[in-house]
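This report describes selected local features of a model whose sequence and structure are displayed below.

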Amino acid sequence: MRIAYPFSAIVGQEDMKLALLIAATDSGIGGVMVFGDRGSGKSTAVRALAALLPPLTATIGCAFHCDPVSDAGRCTEDCPSRRRVGRRRAPSETRATPVVDLPLGATEDRVVGALDLEHALTKGEKRFEPGLLARAHRGFLYIDEVNLLEDHLVDLLLDVAASGENLVEREGLSVRHPAKFVLIGSGNPEEGDLRPQLLDRFGLSVDVRTPRDLSDRVEVVKRRDAFDRDPGAFLARWASDEAVVGARIIAARARLAAVAAPDSVLEAASRLCLAIGADGLRGELTILRAARAVAALEGEESVTQAHVRRVAPMALRHRLRRGPLDEAGSDARIDRAMAELFGA
Amino acid sequence: MGAAPSATPLGGPDDASLAAALFAIDPIGLSGISARGGPSPARDAWTAMARGLWPASTPVRRLPPGIEDERLLGGMDLGASLAAGRPVIQRGVLAESDGGLVLIPMAERLSDGCGARLAAALDDGEVRIERDGLAVRLPARFGVIALDEGVAADERPPNALLERLAFRVDFDSCECGPASGPAPDGRAVAAARRRLARVAPAGDDLIEALCQAAELLGLGSARAPLMAMAAARAHAALAGRRRIVAEDVAVAARLVLAPRALTVPAEMAPEEAEAPPEPPHDDHDETLAAADPAERTEMPTDAELVIAAVRAALPEGLLTGPGLEGRAPPPRRAGPSGAGAAAKSARRGTPAGARSGPLRPGDRLNLVETLRAATPWQKLRGGSSTGRVQVRKQDFRIRRFVRRTESTTLFVVDASGSTAFQRLAEAKGAVELMLAKAYVSRAHVALIAFRGAGASVLLPPTRSLARARRQLSELPGGGGTPLAAGIDAALVLASAEVARGRTALSVFLTDGRANIGRDGASGRAAAEADALAAAARLRQAGLPSVFLDTSQRPRPDGDRFAQAMGGRYAPLPYADADAILGLVAGGGRAC
């Protein structure tokens, strides 16, 4: 496994970094879709995030590393947490939060899990072999070039991401196991669009562009070059910055539930969604959750209109109805609506 | 810059050789070469030469463009697995090429999906297999030589792959004939490979020079300057230097940056040249001026040197002719499994899972899935006692494939007064020719005409050749040229066709002299702006198009629209019937 480039050393790309931090703070945000130019560091950022995520507590011996508290009794039948005696919890351990990469070319049996062929052929027993969805439980599932993934796999992923549960009915197996993960997709719009009904399943959507500023670009190249030459030394140089971001995530998670969202802010979010004609209530809810996560990340006690303004574009961008002849891009529409509602 | 004389002469034809040498020195940093041009002795000689620069023991694998995941990435070796009683991995081409070279003939036929898999392996230096019950990572550090035999501008290897290959050589352009200079020497390359690690990293001023050159050329990706740096390092190693000097950077800029150029630095663009996508006019002066006082005095010199090197290497057609190479490329006409219409078909195309059902002739069995389906029943069937796996008909799992489907060709005909009567007749003749062709290939055709205040769909998509022909002959001429309305109408109709699961090619026959805006008001400037915006949307929607210029004397306007819509451009006067057919058939190539 290659050493990942440090998250804090990524130059610019504030939108993408913020969206990933929001997802790290509130895993219920509904996933992040990153669209962008080639060579703008999409995959780098997602892989870098893995190193920052705080570890989690998992039941020892559980194939789904389930949470000994919240998953108790809801995991599969052979999970040790089901066999606990009296009030004693099954023993648990600390392990890294999984960030699972779903490679293109993965077959369905590896994604959802399937009958363990080896076990069946040699021992004559049916046994479920967990797939990538199981491995990603309580963590992140990353798909680069999501628009190139086969349709039937994408449908399946979205379904599981929405329900938080993977239901496998194949080859005489019937298995149900928890699979709660943050879905992160990245793609290049040139390679083909995502279907709209798929797109609005993602909570946040960010567009990344290569930096336009020469000094930023020089910095990108310098850092990348330094990293490629000596990853270990580069990592050591950024260790303290990384620790700061890691601590910020932990603090934000702890504070999240206590962050207040005044009615005025809720109303502002609703008015914004109405003004731009975003379908459904998902837009408002996502704005609220994301704004709360940003407030938590910044150590504030309550959500303000400023937070809403920061997250509105990434929460709404992909939810606007657009005809093929629409003039302005989604961003321009959101900006205009925000300027009208909240003042410039 | 008074640098030591280079080890290799730097002539046009020799750049291909030099690129091959640098690539062999640092295959991991440079990833590969895309060599464009049909099969020719020059190309074959170059390929053999490039191969000869690598150690004799290097694994070289050919990767056919239609390769399936099972062979590309790897999967389960079923025979061995059954014999051993445990899963045995069969390595794919990428893993087999570890430490070596992947040669891709007909790389323009590679699907986007396959390109993305290659790109992922190039980025990670390994292949990740999550297939057939296997979950493994295999090392796959390889270099790529992509033989791009595309003819049209939109026939090229997948962008994801192209972006990661450092060099592009072109055997079609006259500059790249057979190498005249001495071929690079395998021993010198081997020595340089050993020296590479000892070359000191590039100084900040050189990095800045490369970034600046990349920016001037409209290259957004950070990979371009990074690969140029790797090329500079390899060039320094080849020249026996311990440190990268300005000359190395200049060579790297010429070989890596110039072939990717999307915009032309300001002072190079002739007066009449069409505006590049990002006007670099002020940019250039500002960046140089801004850098000047702050940096050391050599900085501008290096930057200028790099930019001069790039300028010298830019193809001439970039500034004048309608050559599409190097400018904002049209959306790639994807290979066999590109985005767009796809339908389930049993026999060919890209794999899309497996289904159960009877095995008909021509169907292909998915063995792993079939075995999986059979396993739970083995005890009942008494398979374990005989030591053989008992497979029944109902266990069969058949591979499903996705294949591209029907296509629609939209003819968008300019019937305005500016298109002279005779030209309109010629345009009609051209359309009739194409209609006949469409009939043969069982494609759907549609007809849109624009004149006066707007555009109208004369013929919704149909297969009826007779109807199309009648509508065409009745098409009246005269009035203004609402080009924007015509493009809009094509966009709406083409989008609808795509939604229906077909591919849609829009063929515009117009002189491009728009003078009616979208709001119906006349006025050349506004009309042109509207038309350009409409064309850009067509491009954005990923809809392919062909622009046939019907004006008496082709002017840059037509080419500009063709570019804006990402379509192919051809002036009608110079195109005979067969040429038109070839153009449209190529553009509408369904797979």
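L121(A), L82(B), V389(B) and V391(B) form a nonpolar surface patch with about 260 Å² of accessible area together. Patches comprise residues with over 30% relative accessible area and no salt bridge, nonpolar side chains (Val, Leu, Ile, Met, Phe, Trp, Tyr) being joined within 5 Å and like charges within 9 Å. A salt bridge is a side-chain nitrogen of Lys or Arg within 4 Å of a carboxyl oxygen of Asp or Glu, and accessible areas follow the Shrake-Rupley method with a 1.4 Å probe, with only the protein chains shown counting as cover for residues. L121(A) is partly exposed, with a relative accessible area of 32%, and belongs to helix α4 (residues 117-123) of chain A. Buried denotes under 20% relative accessible area, exposed over 50%, and partly exposed the range in between (1.4 Å probe, protein chains only). Helices (H or I, at least four residues) and strands (E, at least two) are DSSP runs, numbered from the N terminus.

The model is predicted: local features need pLDDT of at least 70 and side-chain atom pairs pLDDT 80 or more, whereas totals for chains, interfaces and linings use all residues. Residues are numbered from 1 along each chain as its sequence is written, chains are lettered from A and ligands numbered from 1 in the order in which they are written, and side-chain values use heavy atoms, without hydrogens and water.

In chain B, strand β6 (residues 126-131) is largely enclosed by the rest of the structure, because 6 of its 6 residues are buried. In a regular strand, side chains alternate between the two faces of the sheet. On one side of β6(B), E126(B), R128(B) and E130(B) are buried, as are V127(B), I129(B) and R131(B) on the other. Strand β7 (residues 134-139) of chain B runs antiparallel to β6(B), joined by 6 bridges; strands pair if DSSP finds at least two bridges between them. I129(B) has V136(B) as its bridge partner. The hairpin has 2 residues between its strands, and D132(B) in the turn has a positive phi of about 45 degrees.

Y5(A) and F227(A) are 222 residues apart, and both are buried.
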